[in-house]
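Student: I've got the sequence and the coordinates open. Can we go through a few of the helices and strands together?

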Amino acid sequence: MARLSNLAELRAATTLNDFAVLLDTKTRTLIHTLYRVPEAQKYQTFSIPKKSGGERTIHAPIGKLKVYQRALANILYECDAELQEPRRRPLSHAYRQGQSIVTNAALHKNRRFVLNLDLEDFFPTFTFPRVRGFFIKDQTFALNPAGATIVAQIACFQGALPQGSPCSPIISDLIARILDQRLARFAKQHRVTYSRYADDITFSTNAKNFPAAIATGGSNPDDPWVLGDPLVDKIEGSDFRINHAKTRMQVETSRQMVTGLTVNEKVNISQTYWRGVRSMCHSLFKTGAYYKPGADLTKPGSVVTSLRPLRGALGHVFHVKSTSHIRPVGEPWSQRKPPMIFGQRTHEDFYFYDYFVALEHPLLVTEGLTDPVYLRNAIRRLAKFQPRLGEHSAQGFDYNVSFFNYENSIHKLLRMGGSDTLKTLAVSYENRLARYGHKPLKHPVIILLDSDSGLSNFSSAALNKFGKTVNLNTTDPFYHLVANLYVVKTPEPGGGASSCIEDLFGADKNRPLAGKILHLDEKTFDVSKHISKSVFAKKVIAKEADLINWTGFEPFLDRVIAVLDDYTPPPPLPLPPVPAPGASAAAAP
């Protein structure tokens, strides 16, 4: 029997039993979460600062409710994908795959006039009756009233969509679609471009005069622009409110901004934003702390030590620069020398600091993607190494070591991957550390290498740089290179023979997958008989981990423990004062 579409399944759900099936849970658990747990225990409430000043209240679901809201959100996203017309240009650019602040801003670049306006109290305007009524009355959803009630009960808090819920973005966007359609038709009548990003609406045009039906400006440049009555009527008639204080017209002779990006000639990061990010990074590297731009230095907590805000800011810069065609589309990353990106030196310095200098756990740096799959499973299943390397908890299993991540863009920025680039990391490590005034180095960084042909290239560099002898016959448990950097290699078979991490599986190395077995020699690899390391790790080891004999990994992990026992972090030094915002960064690294 063919599976119903997501939309058909949602329409067919009319009872709590039906929704329990949709959300992959038990009916009694769903009932308990929705109706018996006090509302105050379903959400964690906190405030975050707004860019424009003041604070924004976040109600983040916790426990089972968060799981249910995320599952419901996924269903609604899938329903929306079924309903979308693929050739139509999207009007809303928030919360959707393939859309972002970049795609939103790109529609309005190089224009004579750019008008921005904000919708007031966006999420609170989507009340319980409005959410329920939408899913009943909307022709594309047309849910049973009982089903629509349950959707609203899962999604709403204190009578409206809460900011912080996984459901709120998709539901608000679905309901706001009627506003998009009305304003898009209105914009087309007046030959202007329209788009929306959540509560941020933009109109732009190259016409000599901006349409008065949308907005009019005063006779003097400093006079405020006022939204036209026809536009106000369409927005308020769709049950939204306008924050008139945030209405702003930007002409081509001024800096034009859309969703925080400049659009005068191309979509770009503003220089003010980038200078703030760079200044915060320089302060962090010198002192271990920084002020956010615009921080009130008289208030407690104005000094920030967390790296999370800077991770987000640099990720934002990288996303904008990489998706706004600053770097040619399709230009390949070179593993050894990636193409330069905007502010690449700052990106590299921050992520090196994050991964290797201010690390929160011992870091294991492997030669590739598959080794962490093996090591995570070995640590989890060998009680001998708990709790030093990890321990069981109510949430599952918590690792007390971290693994360098090769599955994101950071390893390309740092030119990491394979024994050759790990050699470069080792040789340059001391010089890179010298760039930082603040070096906590609380934990060791352990490079894990196979004792094979690739070792000679690494060992020659290590021998020349650090005076260490590392080869197939040396049997030291570890090799301390410099500062918090160590090398550990797979146990030696003896007699100059090589070994690799897959050898630690013993007979399990030959576990078959659909009649095929692991084969490591690329020259003699036969797709009809063999599987790759990646397939072996993900489809054999990860799937059959409970059946694997992991004792072969004990000697290798013993060497990791030996490093942890050997390493002593440097004593903390008195921290220098944090430079105030706007201070010169000329002497910063």
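Student: What span does helix α17 reach from its first C-alpha to its last?

Tutor: Keep in mind that this is a predicted model. Helix α17 covers residues 454–466, so 13 residues, and the expected span at 1.5 Å a residue is 18 Å. The model comes close to that, with a first-to-last C-alpha reach of 18 Å.

Student: Over what arc around the axis do the buried residues of α17 lie?

Tutor: The buried ones are Leu 455, Phe 458, Ser 459, Ala 461, Ala 462 and Phe 466. Residues three or four places apart in an α-helix point the same way, because there are 3.6 residues a turn.

Student: How are α11 and α13 oriented to each other?

Tutor: Their axes, for residues 271–287 and 344–357, come within 11 Å. They cross at roughly 40 degrees, and the crossing is left-handed. Roughly parallel would need an angle under 35 degrees, so α11 and α13 count as oblique.

Student: Which residue in β19 stands opposite His 480?

Tutor: Start with the open five-stranded sheet, ordered β16-β13-β17-β19-β18 with mixed pairing. β18 (479–482) is one of its edge strands, pairing on one side only. β18 and β19 (residues 485–489) pair in the antiparallel sense over three bridges. Across from His 480 stands Tyr 486.

Methods
Residues numbered from 1 in each chain as written. Predicted model: local features only at pLDDT ≥ 70, side-chain atom pairs only at ≥ 80, totals over all residues. Heavy atoms only, no water. Pairing = 2+ DSSP bridges. Helix = DSSP H or I, 4+ residues; strand = E, 2+ residues; numbered from the N terminus. Expected span 1.5 Å × (residues − 1). Buried < 20%, exposed > 50% of the residue type's maximum accessible area, 1.4 Å probe, protein only. Axes fitted to C-alpha atoms, helices over the stretch in contact; angles between N-to-C directions. Parallel < 35°, antiparallel > 145°, perpendicular 65-115°, else oblique. Left-handed = near helix turned anticlockwise from the far one by under 90°.
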